[in-house]
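Student: I have a model open and would like to go through it. Can we start with what is packed inside?

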Amino acid sequence: MQYRHFSLLLALVLSTDALAHGAPLNKEEAAAAKGIFADAQVKDRPLSDWDGVWQSVYPYAKEGSLDPVFRQKAQADKSKTFSEIKNYYLTGYASDISDMGIEKGVIEFTRNGKVSACKYDYSGYKILHYASGKKGVRYLFTCHDQKSDAPRFVQFSDHIISPRKSTHFHIFTGNVSQQALLNELENWPTFFPYQLSKEEVIDDLLHH
């Protein structure tokens, strides 16, 4: 628990706005965030890109706090109803991980109130090609500590394709294999900085 408390104190000292939005994206980064990039642009990234303390947005979605976000998306995409969009995101955001701490190569998970942690080794990245014609990148990490209860395999996706601090991310976790996680496209638990208030998370999703 010392690790978790230390990380939280560090995160609280940092600027909330800087963590939430980061430095402005350049032209190539902005295109990559929309899934448009050349494979040669993708670079390895260290786990430290995701350092910090993070909270799941799933509880906010379940309680209805993110309804304004889903309503905005429904207004922008007339092919889907508000309910269809909300259900899509409820499935995507669903997670039993409430919060995470990442520091010095260690990821600590709080899952159903139980804490587990492991030091993760980088296992490279995979470029995914979606039916829409867009692309995405997953960064893969592996826990080799057989005594740890933390997930063996972890993948991050945050619409960033080269070294840069993450401002929010989707995470995929499991114990079967990295390939099994790469096949998961419908459930993408999403995390924002722990110190952001509910209102700040909603604002970020509405405007960024």
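Student: Which residues have the most contacts inside the largest nonpolar core?
Tutor: M100, I107, F109, Y120 and F156, in a core of 24 residues. A nonpolar core here is a set of buried Ala, Val, Leu, Ile, Met, Phe, Trp, Tyr and Cys residues joined through side-chain atoms within 4.5 Å; buried means under 20% relative accessible area with a 1.4 Å probe, protein chains only.
Student: Which element gives the most to this core?
Tutor: β5, with 4 residues. Strands are DSSP E runs of at least two residues, numbered from the N terminus.
Student: What does M100 touch, leaving aside neighbours within four places in sequence?
Tutor: Its contacts, meaning heavy atoms within 4.5 Å, include W54, F109, F169 and F191.
Student: How is the model sourced and counted?
Tutor: It is predicted: local features need pLDDT of at least 70, side-chain atom pairs count only at pLDDT 80 or more, and totals for chains, interfaces and linings use all residues. Residues are numbered from 1 along each chain as its sequence is written, and side-chain values use heavy atoms, with hydrogens and water left out.
Student: What does the pLDDT average over the chain?
Tutor: 90, and 89% of the residues score at least 70; pLDDT is the predictor's confidence in each residue, from 0 to 100. Over residues 1–20 the value is below 50.
Student: New topic: how many strands close into the barrel?
Tutor: 8, in the order β1-β2-β3-β4-β5-β6-β7-β8, with antiparallel pairing. Two strands pair if DSSP finds at least two bridges between them.
Student: How many bridges join β1 to β2?
Tutor: 4. G52, for one, has I102 in β2 as its bridge partner.

Note on methods: Buried < 20%, exposed > 50% of the residue type's maximum accessible area, 1.4 Å probe, protein only.
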